[in-house]
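I opened the model to look up its aromatic contacts. Notes follow below the view.

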Amino acid sequence: MSVRKRTVREARNAFQSSKATNPKVMVDYYTTWAENYEEDHRLMSFQSPHLAVDFLSEHFIGSPEETRVLDVACGTGYIAKLMKGLGYRHFVGVDGSKGMLELAAKTGLYQDLKLALLGTEPLPVETSAFDVVIITGALDAGFVPVSVIRELCNAAKPGGLVCMARGDHTGAPAAKYKEDLQKELHMMEEEGLWSLVGTKLTDRYMEDPHLVYDGDEEGIQEKQYISGTVYLYRTSISASM
């Protein structure tokens, strides 16, 4: 018996339904989405994990085999799958969805997986413990709040790397989030907590999930994308967190 393939319309609808004002409702939704999560991201040409891992690799100096990686908002474990191909072996994952963590566990790549809803619960890891901290796709209004950025920095070892990738979604809440994020990143630099290694801009972060099409969108030739940015910071060796 053949399994019916997901459609672009179904993937787009899933993205449009993924936000919720109630954190528990959002977590429950992601748990139900878990089985189709990676396929829907593929259908929407979601490039965030690839962009982040590629940019991180361009600037990483050291032995991947000995590097401790904290994968925040790890979802089903796609980041760890990508990084394994580059020689990384030590991963700790954090996510708010139990269903997502169950699939991440099946990859066999994580030494530890922790359940936590970021913003309402603290990041459940030790401080100054990771060579690399990475988060992709979750930094947007209605998901991981800007305040969590300091926790990411706090989790990295002195001199460690914090890699963040996010898309420029439409709407006033997304614009306000980006403004607040830029202020926080700059403020943390001024406080001496970290320094900017670099940013990478893309005009094809993913297909625009906010569009609504009439009729069959599978045959649309000219796809529309949203832009995005990868941020890479190195934490200060001397700053006291």
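**Aromatic notes**

I checked Tyr-37 and its burial: at 18% relative accessibility, Tyr-37 counts as buried (buried is under 20% relative accessible area, exposed over 50%, partly exposed in between; 1.4 Å probe, protein chains only).

I noted the ground rules. This is a predicted model, where local features need pLDDT of at least 70, side-chain atom pairs count only at pLDDT 80 or more, and totals for chains, interfaces and linings use all residues. Residues are numbered from 1 along each chain as its sequence is written, and side-chain values use heavy atoms, with hydrogens and water left out.

I looked up the ring pairs next. The structure holds twelve aromatic pairs (rings of Phe, Tyr and Trp, the last by its six-membered ring, with centres within 6.5 Å; planes under 30 degrees apart are stacked, over 60 edge-to-face, the rest tilted). Tyr-29 and Tyr-30 have ring centres 6.2 Å apart and planes at 85°, so I logged the pair as edge-to-face. Tyr-30 also pairs with Tyr-37, tilted, at 6.2 Å centre to centre and 55° between the planes. Tyr-30 is buried at 17% relative accessibility. Tyr-29, at 22%, is partly exposed.

I then traced the cluster. One aromatic cluster includes Tyr-29, Tyr-30 and Tyr-37, along with Phe-15, Trp-33, Phe-46, Phe-143 and Tyr-205.

I also looked for a charge over a ring. Arg-68 lies over the face of Phe-130, 4.5 Å from the ring centre (the cut-off is NZ of Lys or CZ of Arg within 6 Å of the ring centre and within 35 degrees of the ring normal).
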